[in-house]
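Open the model in your viewer and keep the sequence panel beside it. This tour goes from one selection to the next and says what is there.

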Amino acid sequence: MAPLSWYIALSASLFVIGLYGVLSRRNVLIVLMCLELMLSAVNINLVAFSYFLSHLGGQIFAIFVITVTAAEVAVALAIVIAFVRHKGSLKIDEISIMKG
C-alpha cells in the first residue's frame, strides 16, 4: 500500500487543478466539471484517512458526498439546459442577466 502522503499529494493536486478551473474559466460546464474534480479530491482524502485510521466513518461519508454530488449535477445540468435554450450561450457572465 502506498503511504498516506502520496494520497494527500494526489488529493491536493486534484483540488488545486479544480480550483484553478473554477476561478479561471467562464464556461458553465467546465466550472461544473472542476467542481466535481474538487469533490473527488475531498473523497480521496476521506477514504485514505479512513483506511489509514481503520475507521469506516470517512468511507461512509464519501458515499454520502458522491450521492449529494450526483443530485447536484442533475439539478445543475437542468439549469444549464434551460439557460442555453433561453440565451443560447454557456458563459457565466450572462447568467447574472437571469436574476431579474
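Start by selecting Gly 88, which follows helix α3 and has a positive phi, near 80 degrees. Helices here are DSSP runs (H or I, at least four residues), and strands are runs of E with at least two, numbered from the N terminus.

Two notes apply to every stop. This is a predicted model, in which local features need pLDDT of at least 70 and side-chain atom pairs count only at pLDDT 80 or more, while totals for chains, interfaces and linings use all residues. Residues are numbered from 1 along each chain as its sequence is written, and side-chain values use heavy atoms, with hydrogens and water left out.

**Helix α3**

Select residues 57-87, which make up helix α3. How far apart are the end C-alpha atoms of α3? They are 44 Å apart, which agrees with the 45 Å that 31 residues should span at 1.5 Å a residue. The expected span is 1.5 Å times one less than the number of residues in the helix.

Now colour the buried residues of α3: Gly 58, Ala 62, Val 65, Thr 69, Ala 76, Val 80 and Phe 83. Buried means under 20% relative accessible area, exposed means over 50%, and partly exposed lies in between (1.4 Å probe, protein chains only). The cover over these buried residues includes α2.

Stay in α3 and pick Phe 64. Is Phe 64 buried or exposed? Phe 64 counts as exposed, because its relative accessibility is 52%. Draw a distance from Phe 64 to Val 31: the two are 33 residues apart in sequence and 22 Å apart in space, C-alpha to C-alpha.

Select Ser 54, in the loop between α2 and α3. Most residues other than glycine have a negative phi. Ser 54 is not a glycine, yet its phi is positive, about 55 degrees. With a relative accessible area of 68%, Ser 54 is exposed.

**Helix α2**

Next select residues 28-52, helix α2. From its first C-alpha to its last, α2 reaches 36 Å over 25 residues, close to the 36 Å expected at 1.5 Å a residue. Its buried residues include Val 28, Val 31, Leu 32, Cys 34 and Met 38. What do the buried residues of α2 pack against? They pack against α1 and α3.

Leaving aside neighbours within four places in sequence, Leu 32 is in contact (heavy atoms within 4.5 Å) with Glu 72, Ala 76, Leu 77 and Val 80. Of these, Ala 76 and Val 80 are listed among the buried residues of α3.

Not counting residues up to four places away in sequence, Cys 34 touches Gly 18, Gly 21 and Val 22. Cys 34 and Phe 15 are 19 residues apart in sequence and 8.7 Å apart in space, C-alpha to C-alpha.

**Helix α1**

Move to Val 22, in helix α1. Val 22 is partly exposed, with a relative accessible area of 22%. Beyond four places in sequence, Val 22 touches Val 31, Cys 34, Leu 35 and Met 38.

Then select Phe 15, Leu 19, Leu 23 and Val 42, and show their surface. Together they form a nonpolar patch with about 330 Å² of accessible area. Patches are made of residues with over 30% relative accessible area and no salt bridge; like charges are joined within 9 Å, nonpolar side chains (Val, Leu, Ile, Met, Phe, Trp, Tyr) within 5 Å. A salt bridge is a side-chain nitrogen of Lys or Arg within 4 Å of a carboxyl oxygen of Asp or Glu. Areas come from the Shrake-Rupley method with a 1.4 Å probe; for residues, only the protein chains shown count as cover. Helix α1 (residues 4-24) gives the most to the patch, three residues. Phe 15 is in α1 and is partly exposed at 33%.

**The aromatic rings**

Last, show the side chains of Tyr 7, Tyr 51 and Phe 52, which ring pairs link into a cluster. Rings of Phe, Tyr and Trp (its six-membered ring) pair if their centres lie within 6.5 Å; planes under 30 degrees apart count as stacked, over 60 as edge-to-face and the rest as tilted. The whole structure has two aromatic pairs. In one of them, the ring centres of Tyr 51 and Phe 52 are 5.5 Å apart and the planes stand at 85 degrees, so the pair is edge-to-face. Tyr 51 is partly exposed at 47% relative accessible area, and Phe 52 is partly exposed at 34%.
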